[in-house]
Amino acid sequence: MKDSNFLKEKNARSLWHPMAHPADCQNNPPTIVTGAQGVRITDIDGHEVVDGVGGLWNVNLGFSSQPIKDAIAAQLDQLPYYSIFRGTTNDQVIELAEELREFFEPDGLTRAFYTSGGSDSVETALRLARQYHKIKGEPGRVKFLSLKKGYHGTHMGGASVNGNANFRTQYEPLLPGCYHIPAPYTYRNPFNETDPEKLAQLCLQAMEDEIAFQGAGTIAAMIMEPILGAGGVIVPHESFMPGVRAICDKHGILLIADEVITAFGRTGSWSGSRLWGVKPDFMSTAKAITNGYFPFGAVMIAEHVAETFEKDETGKAAIGHGYTYSGHPVGAAAALACLKETKRLNVPENAAARGAELYAGLQSLGAEFDVIGDIRGGHGLMCALELVSDRDTKASIDKASTATLQEVAYQNGAMVRISGPNVILSPPLILTSEDVQLILGALKAGFSAL
Ligand SMILES: Cc1ncc(COP(=O)(O)O)c(C=O)c1O
């Protein structure tokens, strides 16, 4: 490693960071993380903190999962790469597909299509959804529905179904035929409705209304996160996703569950769809599938969709989609080891228990600090605080205050993520109660400094 003076001097000079203004990164250079153990990360100055972000919603098992590291190293020696485009495959992807099939069997998902990450998985699901309808003889079903506030990655298709302007405006025009339904977001919504169940019904009615307006026969799929993550941990009422499923069924629209962050235990359930008792037609996964140690993802496909493709005799089911790294053997080996560890550690149980502690602690902070406008969570280790400068008007907090909050929390032992007016918490699922208290204490110090 180059010495710390070199790294600090060159920080953000010759690289652009994702989701950041290049000049801002140069003026306020990012924290240089140089090591990690367990649930803690260490920066270039040796300062160690609990990672309240969990990498980026992906390091569910922490930074020291030896079985995954060993599997990656062993696979690099055995077969570091080979393609699985038609004609070749490898042992790891075969074994992983069987494991994933067993894992997602309760969700009704029985086939895997491999990708290199979440955006790839979303793009794959959107494309296969259109193809499904073409095979079924309904080529006019090409449009997509999604939720405002939803996050579906940054490929052109994913950005088009995204529900936040900051991932869209500078990249327009996006894909035509994408329409957005109000999110079940009790703190701010066009209906002025704060009751979660009533709001869920209003959003479902809006979905029905949009379908009637567009014409059901023009719509391929609805894509949604079971709990909206990057948009600020928006937890719908339990009736919402089953309601979406019912509307999709009624109109022949496929349901894509975007579980890039919710699959593999984060919500306290093995998948977000299972949390709400819904069986989607496609599920996009990535992130925690390898504990973040290797870029990899899988789109899981429902049995009836798979049969439609596999029994097709028109020739329309040949898949003209895939990536050089679809089915990377090192990624598949990492995923196999990760799945085994994830099950062995039974992470949803700890996610639920620690998540409840974290959510309760955040509510106590909410009672103490007026800048906390809304507290969201309650299902596993995904929580958010929405900050305001005025509780009555709900005017958003200024950037300087959120920056101070983050810095003081960091100095007091926790890395937390600021996204717009939201503090988002998505720590590793192996967190202890002490770690939860440490994060809460660091946040309290941060709020006290405002
Ligand atoms: C629900 C959801 N979908 C898709 C993505 C995109 O994943 P990636 O950043 O791996 O492309 C994310 C990333 O956070 C996500 O949260």
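Me: How do you know that strand 3 and strand 14 pair?
Reply: Two strands pair if DSSP finds at least two bridges between them. Strand 3 (residues 48-51) and strand 14 share 2 bridges in the parallel sense, so they meet that definition. Aspartate 51, for example, has methionine 415 in strand 14 as its bridge partner. The strands are themselves DSSP runs (E, at least two residues), and helices are runs of H or I with at least four residues; both are numbered from the N terminus.

Me: On what kind of model does this rest?
Reply: This is a predicted model, in which local features need pLDDT of at least 70 and side-chain atom pairs count only at pLDDT 80 or more, whereas totals for chains, interfaces and linings use all residues. Residues are numbered from 1 along each chain as its sequence is written, and side-chain values use heavy atoms, with hydrogens and water left out.

Me: What makes strand 1 and strand 14 edge strands?
Reply: They belong to an open sheet of 4 strands with the order 1-2-3-14 and mixed pairing. Strand 1 (33-37) and strand 14 (414-415) each have a single partner strand, so one side of each is left without a neighbour in the sheet.

Me: Which strands pair with strand 16?
Reply: Strand 12 (residues 383-390) pairs with strand 16 in the antiparallel sense over 4 bridges, and alanine 384 stands opposite isoleucine 424 there. Strand 15 (residues 417-419) is also antiparallel to strand 16, over 3 bridges, with arginine 417 as a bridge partner of isoleucine 424. Strands 15 and 16 form a hairpin with 2 residues between them, and glycine 420 in the turn has a positive phi of about 60°.

Me: Why is cysteine 25 called buried?
Reply: Buried means under 20% relative accessible area, exposed over 50%, and partly exposed in between (1.4 Å probe, protein chains only). Cysteine 25 has 10% relative accessibility, so it counts as buried. Cysteine 248, with a relative accessible area of 0%, is buried as well.

Me: What makes the pair formed by threonine 267 and serine 269 a polar contact?
Reply: A polar contact is a pair of N or O atoms within 3.5 Å; within protein, one must be able to donate a hydrogen and the other to accept it, and residues adjacent in sequence count only if both atoms are side-chain atoms. A polar side-chain atom of threonine 267 lies 3.3 Å from the backbone nitrogen of serine 269. Threonine 267 is in the loop between strand 8 (254-258) and helix 10 (272-275), and its 3% relative accessibility makes it buried.
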